[in-house]
Amino acid sequence: MPLPELMTAITIAAPGGPEVMIAAKIPRPEPGPGEVLIRVAAAGVNRPDIMQRKGLYPPPPGASPLLGLEAAGDIVALGPDVTAFRIGARVTALCNGGAYAEYCAVPATQCLPWPEGFDAVKAAALPETFFTVWANLFQAGRLAAGESALIHGGASGIGTTAIQLGHALGASMYATAGSLEKLAACLRLGAVAAIDYKTQDFSAEIARLTKEAGVDVILDMVGASYIARDIRALARGGRLVLIAFQSGSKVEAFDFLPVMTKRLTITGSTMRPRARAEKGAIAAELKEKAWPLLSSGRVAPVIFATFPLAEAAAAHRLMEDGRHIGKIVLVL
Ligand SMILES: NC(=O)c1ccc[n+]([C@@H]2O[C@H](COP(=O)([O-])OP(=O)(O)OC[C@H]3O[C@@H](n4cnc5c(N)ncnc54)[C@H](OP(=O)(O)O)[C@@H]3O)[C@@H](O)[C@H]2O)c1
C-alpha cells in the first residue's frame, strides 16, 4: 500500500508551555541517502524536548524541527544506499528530531533492533538515555569494572539507565535523588547507596561511604551548585562528566587546585549535534555491549507512564512536575 503523503505530528505554534504543542497534519518526511523511514509506534519523552518546546534548545542545522529524539517502530521505506536493514524490520532509533510523529526519517546507522522480548514502548525508551550514558559515563568518563561512580538525578531517565548499566558492567554505583520513592528506586536498580540531596551533603556522604577514597566518575546533570562538591567527592584520577546544567552553568570563585593535586578530568558533551558517524559508532558499541544485557533482562528500561501522541502536552506536564521515575513514552 502506498504511504500517505500527510501524517499527524505534534507541532509547536510558538515557544512556550505544554499548551503550544498541537497535533496537525503535515507532509510525511522522505528518507534521504543513508536513512530509513520508520512508522513510529512509540516515542520517548526527554527533558531536552521540554527545553526545545520552550525555545531554549534549537535543533541543529539540517535536523527535523519537530520534537522527539527517539522512536521505535517498523521500517517502511529505505533511502538510497541503505543495505543494513530491510523493510518490515522493527527498530528503535536515536533521532535527530521528529519522533513525535507518525513517520520519522533517521540515519540507518542510528537504528538498533528491538532487544529480545521487547515491545514498542520499551524499545522507544532506550536510545536517548543509552546513547547519552554510553558516550558520557563509559566513553568520556571511562568507567570500568571495579571502579565507582556517582549518578546525580539517579531516578531520571538518564539516571535509571546509568545505575543499571554501571552495576551490570561491574562498577559500584552511588546516586542522588530528592524523594524517598526515588531513593528506593535507585537502590532497586543496583545502587549500593542512594543519597537524599535535599537533606544530606552528597560530598560528605560519599566521603563517609567510600572511607574518604571518593568515586572514580561523576555524571552530573545539575551543574553550578554541585561542581565544588563534585570535585570534593572525586577520587584521585577521577572524572567529572557534565551533561546538563539544571542549576546553571556559571560558578564564581572556584578553586581549581584539587584538579591538579588529584589529577582530575572535567569534561562533558551533548548528544544531538554529534556527527552521524559518531552516533553510528556509539550504536555499534551499544549493540555489542548493552543490547545483550537488555535481551537477557539484566537491564530494563523503567517506564513510568505512557500517553497517546495527541496528549503530548500531558506527558510534558508530568515530566515538568518532576515526580516521575524513569521514562515517559508516547504511543501511536
Ligand atoms: N548532554 C546530553 O547529551 C544529554 C542528553 C539527554 C539528556 N540530557 C540531560 O540529562 C538530564 C536528565 O534527562 P532526562 O530526560 O532523564 O530527564 P528527567 O527524567 O526529567 O530527569 C531530570 C532529573 O533531574 C533531577 N533534578 C532536577 N533539578 C535538580 C536539582 N536542582 N538538583 C538535583 N537534581 C535535580 C530530578 O531529580 P530529583 O527529583 O531527584 O531532584 C530529575 O530526576 C536533563 O537535564 C537533560 O537535559 C543531556
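The residues of its shell divide into 11 nonpolar, 12 polar and 3 charged. Keep in mind as we go that you are looking at a predicted model.

Now step back and take in the whole chain. Its C-alpha atoms fill a box of roughly 65 × 40 × 35 Å along the principal axes. For 332 residues, a compact globule would have a radius of gyration near 20 Å, and the chain agrees, with 20 Å. Buried residues make up 49% of the chain. If you look at contacts between residues at least 6 apart in sequence, 68% of them join residues at least 24 apart.

The next thing to find is the division into domains. Domain 1 takes in residues 6-126 and 272-331, while domain 2 covers 130-268. The C-alpha centres of the two are 27 Å apart. Where they meet, 15 residues of domain 1 are in contact with 13 residues of domain 2. On the domain 1 side, helix α9 (residues 276-289) gives the most, with 4 residues. That side of domain 1 holds 9 nonpolar, 2 polar and 4 charged residues.

Which domains supply the shell around the ligand? Domain 1 and domain 2 each give at least three residues to this shell. In total, 26 residues surround the ligand, and the closest are Arg-47, Ser-156, Gly-157, Gly-178 and Ala-244. Helices take part as well: α1 (47-53), α3 (127-140) and α4 (157-168) each supply at least two residues of the shell.

You will find Gly-178 in the loop between β9 (172-177) and α5 (180-188). Beyond its neighbours within four places in sequence, Gly-178 is in contact with Asp-196, Tyr-197 and Lys-198. Tyr-197 is 19 residues away from Gly-178 in sequence, yet their C-alpha atoms are 6.0 Å apart in space.

For a look at a helix, turn to α7 (residues 224-233), where Tyr-226, Ile-227, Asp-230, Ile-231 and Ala-233 are buried. Seen down the axis of α7, these buried residues fall within an arc of 155°, so they line one face of the helix. The buried residues of α7 pack against β8 (148-151), α6 (202-209), β11 (215-220), β12 (234-242) and α8 (257-261).

Finally, two loop residues have a backbone angle worth checking. Arg-142, in the loop between α3 and β8, has a positive phi of about 55° although it is not a glycine. Arg-142 is partly exposed, with 15 other C-beta atoms within 10 Å. Glu-212, also not a glycine, has a positive phi near 75° and is found in the loop between α6 and β11. Glu-212 counts as exposed because it has 9 C-beta neighbours inside 10 Å, and the limit for exposed is 12 or fewer.

Definitions and conventions: Residues numbered from 1 in each chain as written. Predicted model: local features only at pLDDT ≥ 70, side-chain atom pairs only at ≥ 80, totals over all residues. Domains from an automatic or database assignment. Contact = placed C-beta atoms within 7 Å. Nonpolar A, V, L, I, M, F, W, Y, C, P; charged D, E, K, R; others polar. Buried ≥ 20, exposed ≤ 12 C-beta atoms within 10 Å, placed from the backbone. Arc of directions from axis to C-beta. Rg over C-alpha atoms; globule rule 2.2 N^0.38 Å. Near = placed C-beta within 6 Å.
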